[in-house]
Amino acid sequence: MPNSWLAVPLPEYEQHMSSMEVQQLGALSDLFAEAIRYCRPYSIAVLGIAGGNGLDHVDSSITARVVGLDVNPLYLEAVRQRYSHLPGLELYCVDLFEQHVDLEPVQLVHAALIFEHAGVDRCLENAISMIVPGGLLSIVLQLPTESGQTVGTSQFSSIQNLKSHFSLISPSWLRESLAGRGFQLIHQTTRALPAGKGFWTGIFSAPAAHHRK
Ligand SMILES: C[S@@+](CC[C@H](N)C(=O)[O-])C[C@H]1O[C@@H](n2cnc3c(N)ncnc32)[C@H](O)[C@@H]1O
């Protein structure tokens, strides 16, 4: 079955994410900015880069290589057009749920709202495999709401169709799972969003030598 994200036009996704009821696009951009301010990475990979949200914050005097991965080739084309001025931009169309990624690793892997859509099996392995030994992993997860709502109500049917493949990931499960692999949590925050939603962010340092498949 084709990935539901292939049926979501980028303008519909961005309009939904920046709507008054959702307000996640700006929040995700801020969290990316915080992660790069905290980590000052010389190279970054963004998993599920969408339209390049937050790339404006990259300081190319610090970060010389920016790798973006996404399943939707039209999103990557938009990133290419919007950020062609960014030095060291590399874009790859991959399904992180299914494919094994084999790229030159980076100092910081940023994974915001991707595990909810692509799962924590192959996608988490891919995230880990892309980090240099002793590098960093920043993760943004959506927190549960009292109402149990996951994907916000949208006027776009393409967005509504994403619900069936969306699963919340528990930050405590993730912390334990990464601790078991020698990753150390060095920073975490939570941020409230409209409709009782919220984001949890964790930044982890990778062990000096970690298992890469
Ligand atoms: C909620 S958006 C991510 C938001 C973005 N990281 C940000 O900070 O603004 C999810 C992104 O992941 C991509 N995606 C979903 N499933 C994927 C998969 N299996 N492999 C690669 N990308 C995927 C979607 O196309 C979409 O661009």
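Author: We begin with contacts: a contact means heavy atoms within 4.5 Å. In this predicted model, residues 24 or more positions apart account for 69% of the contacts in the chain with a separation of 6 or more.

Reader: How many helices and strands does the chain have, and what pattern do they follow along the sequence?

Author: There are 7 helices and 7 strands, and their order along the sequence is α-α-β-β-α-β-β-α-α-β-α-α-β-β. The radius of gyration is 16 Å, close to the 17 Å that the globule rule gives for 213 residues, so the chain is as compact as a globular protein of that length.

Reader: Which strands pair with strand 5?

Author: Pairing is read from bridges, and two strands pair if at least two bridges are found between them. Strand 4 (residues 106-112) runs parallel to strand 5 and is joined to it by 6 bridges. Strand 7 (residues 198-205) pairs with strand 5 in the antiparallel sense, over 8 bridges. Ser138 of strand 5 stands opposite His110 and also opposite Ile203 in strand 7.

Reader: Is strand 5 mostly covered or exposed?

Author: Buried means under 20% relative accessible area. Of the 13 residues of strand 5 (residues 131-143), 10 are buried, so by this cut-off the strand is mostly covered.

Reader: Which residues have the most contacts inside the largest nonpolar core?

Author: That core has 30 residues, and those with the most contacts inside it include Phe115, Leu137 and Ile139. Strand 4, strand 5 and strand 7 are among the elements that each supply at least two of its residues. Apart from it lies another core, of 22 residues, including Val8 and Ala112.

Technical notes. Residues are numbered from 1 along each chain as its sequence is written. This is a predicted model: local features need pLDDT of at least 70, side-chain atom pairs count only at pLDDT 80 or more; totals for chains, interfaces and linings use all residues. Side-chain values use heavy atoms; hydrogens and water are left out. Buried means under 20% relative accessible area, exposed over 50%, partly exposed in between (1.4 Å probe, protein chains only). Helices (H or I, at least four residues) and strands (E, at least two) are DSSP runs, numbered from the N terminus. A nonpolar core is a set of buried Ala, Val, Leu, Ile, Met, Phe, Trp, Tyr and Cys residues joined through side-chain atoms within 4.5 Å. The radius of gyration is taken over C-alpha atoms; the globule rule is 2.2 Å times the number of residues to the power 0.38.
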